[in-house]
Amino acid sequence: MTRRYLCLIGLLCISPLVYSAPPAEMARAKDLYLGEAYYQAAQGNYLDGISRLDTELWQFYHLDDPKLDPLHYQVNQANFSVGDFELSYRMHQRAGRAMKAVLDGNVDEPIRNEAAWRLARIFMQKGDATSALAAIERIKGRIPEKIKNEELLLRGQIYLHVGRFPEAIKIFQQLKSENGFEGYSSYNLGIALIQSGQEAAGLTELQKAGLLASDDEATLAVRDKANLLLGNHLISSDKPAQAKQYLDRVRVSGPFSNKALLSSGWADAAEAKFDRALVPWSTLIKRNSTDKAVQEGLLGAPYAYSKLKLHGRAAQLYAVALQSFGTELTKLEASLKSVRDGKFLKALVREESKLDRNWVVRLRELPESPETYYLVELMASDDFQESLQNYFDLEELRRKLAAWTDSLDAFGEIIEMRGRYYDDELPPVDKRFKALDSQMRLRMEQRQTLNERLQKLLTAPRPDFLQTADERVLREQLAQLDEKLKNDTSDAGEAARQRIKRLQGVLHWNIHTTYNERLTHAYTHLHELDADVEELNGIYRSFVRSRQAATQSYKGYDKQLASLRRRVQEARGKVSTLMARQGSILEAMAIQELEQRRTRLEEYQIQARFALAESYDRANKSQEGEAK
């Protein structure tokens, strides 16, 4: 019986513990649109950040003089950010291409090394250790200080995955003294030593990892995992007494506490210390009955009582186990039915997913969502999380495409309304503008004529051209009087003609003696006119621009809108198809997990029934023996 349940426990997979480096720190953006992309990414809206940054980079590389763009100062950082955002959005292929473009470009050594590190990290997250090794070995020379330790840890993990254990061991030993990396380096060092054949040294390092003192939750989780691994390893090596000290170090409230309590009980049971085994098992069976370790503990506790000859108590606990298994099987059937009815996918895209990172745990408590009750462990697995996140991304794309469709319709309606407005308003404006434009052209021609005449007056003076209107009228009046008195031979007529000639002489004198002053005034007035003409030209250009903007604000959009609508519609069709496929994958994974649980619970149920019957039989025989 003991060995059977030990087989159910199994050993923890001896694999390296992967350290997830925090996202790259975003530098202060000097470019407004780069800052907007950083803001979107900081909010978790990586799709918006990628689209904004892609657009900005495309515009930057198509400028005639990119150095005039503020992005010029941070273009390398922008290229890095594209890769980071795409990686966070699980666009591994595009992120890899972005990093490779930097590696192949003519960039500084620290920038190239950081790009190689990021590319290696991408490949490791994809599980491609060979490509990660090729990328990490491109790092030569100076490494940015901010990623120095993270680069070493990643290099060690890559060496560990590809079987280069001596180099991995050397790196992890170097990192043990670095603050914040003690847990990861000690654990991975132990695994590297074990896989290289140095089991004793590896177990020693795991023991050190199990004694780490820290307030950091991640380091505490590493410590618990190391102790649990050591405990299970010793149990499988028939050293249960030594296993107890490591299993007891695992925190009671940590993520590995249930497995540790179960293993601790089996360690005591392996030494026939069933009374001691009941201590961790009694704590374990009071916990959430959906957990696999708790379900196994429901069989382990009555088994220990039966070994202690307390068959009555064993029968009671077997009955409790049977009732618990029956309840869980009923819930499993309800969950399977809900998943097959499509309610599972509807629960996944709840708004809670955007409001709470622990929404998966809370979904199991919702009465209308029984399909999620058993799926906490499944949702915590890497494969399911990747598929689940892909489904979330597709759902987000579906919503965005629907919003874009509505926006395009609204934009088309706005353009149509604007067209109707301008079709009524622009014709009278154009008519009036044409009349004013004709007058303006005439005045400009007159101004040009005046300028040409003034230029000629500099070389060929013509004082009569600069006489005033009053002088011109006076000259005409005097000429008319002279003509009128031409035939008058009287003394009065002769006197009048003399007076007229004197006046004409005065007029002629004034015009000719003030010629230079008059010419200067003419140029002054012409320059003043130039200022008015320039202002008028500015108004003219402003009107032309406004008129063109008015026309461009509602004309020429039909083809673009039709093309965008077609592309969005095609994308919506693709997203719907992909969502259906991805949803089928998620439902199949959920159903598989639920059916495996149902099969295991049915086996537990059968074992509990036989054990219950045996316990009742032995309890009755014991009572009969006492009665005799």
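**Entry 1: Ground rules**

I recorded that this is a predicted model, in which local features need pLDDT of at least 70, side-chain atom pairs count only at pLDDT 80 or more, and totals for chains, interfaces and linings use all residues. Residues are numbered from 1 along each chain as its sequence is written, and side-chain values use heavy atoms, with hydrogens and water left out.

**Entry 2: The whole chain**

I found 26 helices and zero strands in the chain. Of its 628 residues, 42% are buried (under 20% relative accessible area; exposed is over 50%, partly exposed in between, with a 1.4 Å probe and protein chains only). I then looked up contacts, meaning heavy atoms within 4.5 Å. Among contacts with a separation of 6 or more, 65% join residues 24 or more positions apart.

I looked up H12, which covers residues 217–236. Its 20 residues reach 29 Å from first C-alpha to last, close to the 28 Å expected at 1.5 Å a residue. Because 16 of the 20 residues are buried, H12 is largely enclosed by the rest of the structure. After H12 comes Asp-238, with a positive phi near 60 degrees.

I then turned to H17 (residues 311–340), whose 30 residues should span 44 Å at 1.5 Å a residue. The end C-alpha atoms of H17 are 42 Å apart, which agrees. Just after H17, Gly-342 has a positive phi of about 90 degrees.

**Entry 3: H8 against H10**

I noted that axes are lines fitted to C-alpha atoms, for helices over the stretch in contact, and that angles run from 0 to 180 degrees between N-to-C directions. H8 (residues 148–162) and H10 (residues 182–195) pack at about 20 degrees, with axes 11 Å apart. That angle makes H8 roughly parallel to H10 (under 35 degrees; over 145 is roughly antiparallel, 65 to 115 roughly perpendicular and the rest oblique).

The H8 and H10 crossing is left-handed, meaning that the near helix is turned anticlockwise from the far one by less than a right angle; clockwise would be right-handed. From H8, Leu-153, Gln-157 and Leu-160 meet Tyr-184, Asn-188, Ile-191, Ala-192 and Gln-195 of H10. I sorted the contact of H8 with H10 into five nonpolar, three polar and no charged residues. Here Ala, Val, Leu, Ile, Met, Phe, Trp, Tyr, Cys and Pro count as nonpolar, Asp, Glu, Lys and Arg as charged, and the others, Gly among them, as polar.

I also looked up Phe-181, which lies in the loop between H9 (165–175) and H10. Phe-181 counts as buried, at 8% relative accessibility. Its C-alpha is 8.9 Å from that of Glu-150, 31 residues apart along the chain.

**Entry 4: H23 against H24**

I found that the axes of H23 (residues 469–484) and H24 (residues 491–513) come within 10 Å and cross at roughly 155 degrees. H23 is therefore roughly antiparallel to H24. The crossing of H23 past H24 is left-handed. Its contact residues divide into eight nonpolar, one polar and four charged.

**Entry 5: Gln-40**

I located Gln-40 in H2 (residues 32–42). Gln-40 counts as buried, at 17% relative accessibility. Leaving out residues up to four places away in sequence, Gln-40 touches Asn-45, Tyr-46, Asp-48 and Gly-49.

How values were computed
Helices (H or I, at least four residues) and strands (E, at least two) are DSSP runs, numbered from the N terminus. The expected span of a helix is 1.5 Å times one less than its number of residues.
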